[in-house]
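User: Can you walk me through this model? I'd like to start with the overall layout.
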Amino acid sequence: VTHAYCVADNFHARFCAQSRTYVYRVALGICRKSPVPLPEHGFCWNLRDTELDVGGMCEAAALLVGVHDFSSFRAVNSDLPFKNPVKRLDAATIQTGVSFAQVHYHRVIPFLELIFTSRSFLYKQVRRMTGALVAVGQGRLSVAQLKEVLEARDSLAYPQGLTAPAHGLFLTRVDYTQTGMFQLIKVRAGGHTFSHAENPSCFLDLQFSPQTTNQQGSNTV
């Protein structure tokens, strides 16, 4: 624990969040003859492809950024009639990642990280966006086709079999505003520890290690 904050009685960790960042990890070149290291098992999406068209994926990801009706990228569930499908996607980036076992493993495994930031997401939205972007990288879906899916604003327009599995998804960051928050400061004096609160100088930024916040089994994003 690096920081602690006092909050108002009406503070809610979920509903007071101003933004959330999810990272989806993809391992490339994984097959029976070249399996993923044990520490990575269940913590990434294993693809046989040795490389993807990252340029095309970035072009497609740029189409998703901004305010859109993301109906095509949400799965059907009981909340469907009550959730507004219009969301603002603040960022969608793709970057090179590394294996958790990189230091202890002799083989270098190519990793990609797909990073999405928004105040909130629809049901399975991140996994469906990830699956579509990977399909673009594999040549199974064109950038123009992804745009058509987005503009269709219909969950049935999303191609079957593209949704990324849950076990590569991580919640890595949650941002809150400073309003109503006070940082706990511990001060030692005369052999005793006292605590007092002071206003933080910036928004509360909770960051998590991907290795400890894997959303494995979670179907919400």
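Analyst: Along the sequence, the pattern is β-β-β-α-β-β-β-α-α-β-β-β-β. Helices (H or I, at least four residues) and strands (E, at least two) are DSSP runs, numbered from the N terminus. This is a predicted model: local features need pLDDT of at least 70, side-chain atom pairs count only at pLDDT 80 or more, and totals for chains, interfaces and linings use all residues. Residues are numbered from 1 along each chain as its sequence is written, and side-chain values use heavy atoms, with hydrogens and water left out.

User: How many helices and strands are there in the protein?
Analyst: The protein has 3 helices and 10 strands.

User: Which residues of helix 1 are buried?
Analyst: Helix 1 spans residues 54-64, and its buried residues are Gly-56, Met-57, Ala-60, Ala-61 and Leu-64. Buried means under 20% relative accessible area, exposed over 50%, partly exposed in between (1.4 Å probe, protein chains only).

User: Why do they sit on the same side of helix 1?
Analyst: They cover an arc of only 135° around the axis, which puts them on the same side of helix 1. The arc is that of the directions from the helix axis to the C-beta atoms. An α-helix has 3.6 residues a turn, so residues three or four places apart point the same way.

User: What covers the buried residues of helix 1?
Analyst: The cover includes strand 4 (66-69), strand 5 (86-97), strand 6 (111-118), helix 2 (125-138) and helix 3 (143-152). Contact here means heavy atoms within 4.5 Å.

User: Switching topic. How many disulfides does the structure hold?
Analyst: It holds 0 disulfides (pairs of cysteine sulfur atoms within 2.5 Å). Cys-44 is buried at a relative accessible area of 1%, and Cys-16 is partly exposed at 28%.

User: And how many salt bridges?
Analyst: There are 3 salt bridges, each a side-chain nitrogen of Lys or Arg within 4 Å of a carboxyl oxygen of Asp or Glu. In one of them, the side chains of Glu-40 and Arg-25 meet at 2.9 Å, N to O. Glu-40 lies in the loop between strand 2 (19-27) and strand 3 (45-46) and Arg-25 in strand 2, so the pair ties together parts 15 residues apart in sequence.

User: Are Glu-40 and Arg-25 buried or exposed?
Analyst: Both Glu-40 and Arg-25 are buried.

User: What about the other pairs?
Analyst: Asp-90 pairs with Arg-88, with the closest N and O atoms 2.9 Å apart. Asp-90 is partly exposed at 38% relative accessibility, and Arg-88 is exposed at 54%. Arg-173 pairs with Asp-175 at 3.0 Å between the closest N and O atoms; Arg-173 is partly exposed at 27%, while Asp-175 is buried at 13%.
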